[in-house]
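Reader: I've got the sequence and the model open side by side. Can we go through it together, one question at a time?

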Amino acid sequence: MEDTVSRIDTLQAIELAEGVEVRLRIAGPLPRGMALGIDMLIQGVILVVVTIVLAISGIGLGWNVASGLIMLAWFFMSWWFPVFFEAGKRGATPGKRSMGLRVVQTSGAPITFGQAVVRNFLRVVDGMPMIPWLPIPTMGFGLAACLATKRFQRLGDLAAGTVVIYDKVAAEPAVPAPPPMDAARPLVVLRPEEVQAVVAFRERAGLWSEGRRAEIADHARELTGDHGAAGVSRIMAMAHWLQEKR
Amino acid sequence: MTAELRPRSDWEAVDLGLALVRRDFWRLCACWWLGLSPMVILSFVFLRELPVLLVLACWWWMPVGSRLVLFVLSRRLFGELPDWKSVLREWPRACVRRFGFRMIWARFSPWRPLTMAVEDLERLRGKAYSARVRLLLRRGDSTVVLLAMWRAALTFWLALAAVYTAAMFLPAGEAEKWSVSLDEWSSDSWSSMPPSLAMTGTLSFLLAMSLVDVFSTGAGFGIYVNHRTWIEGWDVELAFRRLGNRLRGTAGAVLTAILLVAAPSAADAETTPGDVIAEVKADPDFTVHTETYRVPNSSGGSGWSGSGELLATLGQLVFYLAIAAAIAFVVWMIWRFRHLFGGGRAGPAGRRVPPPPRVVMGMDVAPESLPDDVPAKALELWGVGRRQEAMSLLYRGAISRLIESGGVEIAESDTESDCLRRVAAEAEPFAAYFSGLTEAWMRLAYGRSAPGDERIRDLCAGWPFALKGGPR
């Protein structure tokens, strides 16, 4: 009954050749917004420094040359800075990298130079509406597109066929599970997702209270044939067998 | 359960909440406005002249809207979408529930999206409530606090964006008035504002508040579900429940199968395979779509004559750049394939011979890693009881010698039987000895059955290679 309803998930499964499935951990607008903020900060600092240096050297170079160079620097910083980083090996601007994000194609492959150009040049569209007296894009359109699409894509992402994913996720604090006393073979054949659940029970049991452990284990009474603490230790033994002895 | 439960990182939990809201966005928005409607109506009646107070009053009433959103969202997660009747029944309760605490004492609490779930869904009060919140926040509340900051910042930001989106569509005369009054704007000049601007600002603020609050309530609910998944193992519990149902189901199914084994199956006769195929093929996935693209012809360029000189300079520049790139490419190719010019490794027929492998099947077969007299050393090791080492020395010595002096091409990825086949094909005289050695080695390595002393002595005595590795 439950399986017929399509369930919402933040992971996106992609089937590769030979039935191999990879899952992309799609990233939502909030971490991406923070990455954007960091990027804008970096760009701003670099531009201010470059402008000051060029303005000082303008005394020697002549004012026209210096202002031309400053405009070039502005151009490259605002249009090519993200392209340069995202087309590179890591597929992420410094801000994205510090948030653990990365840009990939919807198929999970690294993005090409052309895609980096498309998605970053369309930043102007995503940045609308502009605030007139501040040269700051509000990113209103981008945010709206992000929230309205299934894979949190802004307009540039939709045009280039890219998504932003979590590249690395900080390890969760884990409480070590109690050491297994013995290994037991499950009496029935388990499906893959059931094996996963049994193993997850052992790995995360350290985070639960004793009572809660017994409560969860009681739901699998058909598997263990036991109640309470005895059931818990039966599941632990089965998980041990599934992980080590098989 | 209409969402995938699994232990997630905090930000992924927020994303899950956003995805949940997106699914029922319009319904949730309607619920939010329903919750806020009394205050909106009141304030538009009495506070029309004071837009700041109007927005503040609506802001203060916001938790009621969030409560209705949470009510729908939480029930939807567990598979039942509440109808409007039950939402309406919930509405007065949402207005008064823990009024003093939620609407006055904790109105500024940054944890509201998370704690509201505890008081609304778990119905906890007083000590139990605060203990529960402490427990939930033990996994860290940095994401919740960051979410609160996002909420404040985004409300202002989106309100600005909405005002300027509206400004984009203004007729010219009105736009003039707006920009003048915005230029002269200060906190005490509300009265001199054009009424259309004040109204647009107010409405933008309400719109931004509704969007941000609906989505951030969803995000807070996502964090709440994720925290509970971590500390209570919801996902494992559900998986075990399904497992239990399946096992109970199979026990029942076996019984019914035994009971019904004699009964003829009438249901199968009704659908013939032809019907099934026709039904499957009627699916829209099987219709053939044709799309035709027309590539526009590029017309010959013209209109550049005015800047002929500039074009010539540009052309020259491109030409020199192309030459420089070509030279750089050739130099890089030479550098990249410099080993082809070395001459030392080139085969007699000028064919490129791959360098002999250093490692085969994870064993080091470089000649300098072996002793000069392999069989003597192996016999010595065997004598002191290090049998595995002795056999492996013998085997990898044989492979190394075959590569070095026998001229057999063995790749790094070859298995034992690959090696045997190659030796049989390329170095016939060694094949008999090598197959015996391989068999003994495989028995020991994979079967853990050591050959007798006699056999080892034979293998060492029959060593067919020159004692010292021949020069290449």
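Reader: Let's begin inside chain B: which helices are included in what covers the buried residues of H20(B)?

Author: Keep in mind that this is a predicted model. H20 of chain B spans residues 453-461, and its buried residues are B:Ile456, B:Leu459 and B:Cys460. What lies over them includes three helices of chain B: H16 (374-383), H17 (387-404) and H19 (428-447).

Reader: And seen down the axis of H20(B), within what arc do its buried residues fall?

Author: The buried set is B:Ile456, B:Leu459 and B:Cys460. The face turned away from that buried side carries the exposed residues B:Glu454 and B:Ala461. The buried residues line one face of the helix, because looking down the axis of H20(B) you find them within an arc of 95 degrees.

Reader: On to the two chains together. How much area do chain B and chain A bury between them?

Author: Interface size is often quoted as the accessible area lost when the parts come together. Here, 48 residues of chain B are in contact with 55 residues of chain A. Carbon and sulfur atoms hold 65% of the buried area, and the total comes to about 4700 Å².

Reader: Which helix gives the most to the side of chain B that touches chain A?

Author: Start with the polar side of things: 13 residue pairs are in polar contact between chain B and chain A, both residues at pLDDT 80 or more. On chain B, helices H1 (10-23), H9 (142-168), H11 (195-232) and H12 (234-260) each supply at least two residues of the side touching chain A. The one giving the most, with 13 residues, is H12(B).

Reader: How far apart are the closest N and O atoms in the salt bridge of B:Arg248 with A:Glu222?

Author: There are five salt bridges between chain B and chain A. For a pair to count, the nitrogen has to be within 4 Å of the carboxyl oxygen. B:Arg248 and A:Glu222 pass, with their closest N and O atoms at 2.6 Å.

Reader: Last one: what share of the residues of chain A count as buried?

Author: Chain A has eleven helices and six strands. Of its 246 residues, the share that counts as buried is 42%.

How values were computed
Residues numbered from 1 in each chain as written. Chains lettered and ligands numbered in written order. Predicted model: local features only at pLDDT ≥ 70, side-chain atom pairs only at ≥ 80, totals over all residues. Heavy atoms only, no water. Contact = heavy atoms within 4.5 Å. Buried area = accessible area lost by both parts, 1.4 Å probe. Salt bridge = Lys/Arg side-chain N within 4 Å of Asp/Glu carboxyl O. Polar contact = N/O pair within 3.5 Å; in protein donor to acceptor, adjacent residues only side chain to side chain. Helix = DSSP H or I, 4+ residues; strand = E, 2+ residues; numbered from the N terminus. Buried < 20%, exposed > 50% of the residue type's maximum accessible area, 1.4 Å probe, protein only. Arc of directions from axis to C-beta.
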